[in-house]
Amino acid sequence: MKAKTCRGLALPFHDIHEECGIFGVYNHPEAANLTYLGLYALQHRGQEGAGICSSDGKSLFIEKSIGHVADIFSEKRLKRLPGAIAIGHNRYSTAGGGGLKNVQPLMANYSLGSIAIAHNGNLVNAEQVKTQLESEGAIFQSSSDSEVILHLIARSRNDDPYERIAEALRNVRGAFSLLFLRESEMIAVRDPFGVRPLSIGRVDGAYVIASETCAFDLIGGEHIRDVEPGEMVIINQSGLRSIKALQSTRKAHCIFEFIYFARPDSYIFDHVCVNTTRKELGRQLARESMVDADIVIPVPDSGVPAAIGFAEEAGIPFDFGLIRNHYIGRTFIEPKQNIRHFGVKIKLNPVRDLLQGKRVVVVDDSIVRGTTSKKIVKMIREIGGAKEVHMRICSPPTVSPCFYGIDTPTRHELIASSHKTEEIKKYITADSLAYLGLGGLRKIIPGPENYCTACFDNNYPIMFPKDSLEQLELIFA
Ligand code: AMP
């Protein structure tokens, strides 16, 4: 993880940007290749860097770099990852980067041999644990909170390797879907709240584990079940063994996985289809905030299923009125001469033929700072020639930052934390604006009491340390 500056406070360690993808395979002759493909399918969960660690039964091998999966791993590089067991990780892209040292898996040698870790999620007490460990002489190689877990495992005096991991995890709090690789086994653990998804699958008789089931589809695998909250799954030559490692008192799955983060073709949180859920949310949104209009268009890609659902329910024609360029790199060189809407046009461009003179409903998944919506509305009116622009957001107003692994800015940057819907409507210059209600969201999501909705209602299910400066800054900033 990278150093983060929060309102002038240099915070060297803790980083809330931990949206990642993890994948692992046990007992397959092409373990590293399958892991590469799994990471490829999970690329949307992290684009900053990726790594794979494999085992030939005796030693661990690791390859990792900054960049996209397809650019990092060549055939030659995959050949340097021998063995039938492998785990991999995609790291989320943030503006400041984080450097190679933070790209996972992280590997360490300890008294029981070698161990590698791949972590999706965010620990809320990592800073405190790290300070304690450093005061006792520990030296950290990265600024990643996942390294704290490795240190805790290494320091444990327990002879049982699984109890060591469980003991370490009882000392951390937050969101963690984890994969560990040891010389002869793969171990998966999910935090007691089950914040981030983690699924078990099978391919050619081998076990595979992935953040999302779309990774199983690519390799011809099938989804068996999820790793349960608090469960440790040990996969070795004795097969698959499950241990109730951490006590789980309530579930708190991340609602934002359904809203924005997960791929629509995935089934998450006990086999719920992301695409179907998004469509149903779009239908609910239409029931709550119907408007007379000629066309419904999505903000691609994240708004597509919701917009289809909205259009179906409202009986208004659906079309792709905004075209997205999928090939944008990190930076682009702006021309010296001013081009109107250049910044947003590089990513999205309206189809004038569809929008000219029309009353347009634009469906997006969320508003964070409000800048994207503002630019889109302006562009649809000025370039697309729309007569009216009605913004419909398929989630409740985002009022609170996330500490469990979704990249959100400080509270004061979240436009809905300090502005009413009517004020936001004026800011984004839409003819109307409506969000999905929290009640409507809960109506559609199966077992809503099992979800964390802190970003929408400020109810944080996992408490963070009271002395955490960064977290207090983010909440009260
Ligand atoms: P903003 O301009 O800050 O209001 O951003 C809103 C846009 O960001 C929407 O189109 C969302 O699809 C997208 N979005 C929402 N959450 C995230 C996230 N955690 N990471 C990246 N993009 C996001």
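Leaving aside neighbours within four places in sequence, which residues is Ser 55 in contact with? We'll get there in Exercise 1, after some ground rules. This is a predicted model, so local features need pLDDT of at least 70 and side-chain atom pairs count only at pLDDT 80 or more, while totals for chains, interfaces and linings use all residues. Residues are numbered from 1 along each chain as its sequence is written, and side-chain values use heavy atoms, with hydrogens and water left out.

**Exercise 1. Work out the surroundings of Ser 55.**

Step 1: find its place. Ser 55 lies in strand E4 (residues 49–55); helices (H or I, at least four residues) and strands (E, at least two) are DSSP runs, numbered from the N terminus.

Step 2: check burial. Ser 55 has a relative accessible area of 1%, so it is buried (under 20% relative accessible area, with exposed over 50% and partly exposed in between, 1.4 Å probe, protein chains only).

Step 3: list the contacts, meaning heavy atoms within 4.5 Å. Beyond four places in sequence, Ser 55 is in contact with Leu 60, Pro 82, Gly 83, Ala 84, Ile 85, Leu 181, Arg 182 and Glu 183.

Step 4: The Ser 55 side chain reaches the backbone nitrogen of Gly 57 at 3.0 Å.

**Exercise 2. Find the side chain that makes a polar contact with the side chain of Ser 199.**

Step 1: Ser 199 sits in strand E11 (residues 199–203), and it counts as buried because its relative accessibility is 2%.

Step 2: the residues it touches, not counting those up to four places away in sequence, include Val 208, Phe 216, His 223, Asp 226 and Tyr 267.

Step 3: pick out the partner. A polar contact of 3.0 Å joins the side chains of Ser 199 and Asp 226. The rule here is a pair of N or O atoms within 3.5 Å; within protein, one must be able to donate a hydrogen and the other to accept it, and residues adjacent in sequence count only if both atoms are side-chain atoms.

**Exercise 3. Describe the largest cavity and its lining.**

Step 1: On a 1 Å grid over the protein atoms alone, a cavity is a set of points where a 1.4 Å probe fits but cannot get out; a pocket is an open set with protein on both sides within 12 Å along at least five of seven lines; lining residues have an atom within 4 Å of a point. Points are joined across faces, edges and corners, and a volume is the space filled by probe spheres set on them.

Step 2: the count comes to one cavity of 30 Å³ or more, and the largest cavity has a volume of about 50 Å³.

Step 3: its lining includes Phe 258, Ile 259, Arg 278, Leu 281 and Cys 394. Helices H8 (255–261) and H9 each give two or more residues.

Step 4: follow H9. Helix H9 (residues 274–288) reaches 21 Å from its first C-alpha to its last, close to the 21 Å expected (1.5 Å times one less than its number of residues). Among its buried residues are Arg 278 and Leu 281.

**Exercise 4. Say which element gives the largest share of the second largest pocket's lining.**

Step 1: this pocket holds about 350 Å³ of space. Of its 16 lining residues, those closest to the centre are Met 107, Ala 108, Gln 141, Glu 147 and Leu 150.

Step 2: strand E7 (106–110) is one of the elements that supply at least two residues, and E7 gives the largest share, five residues.
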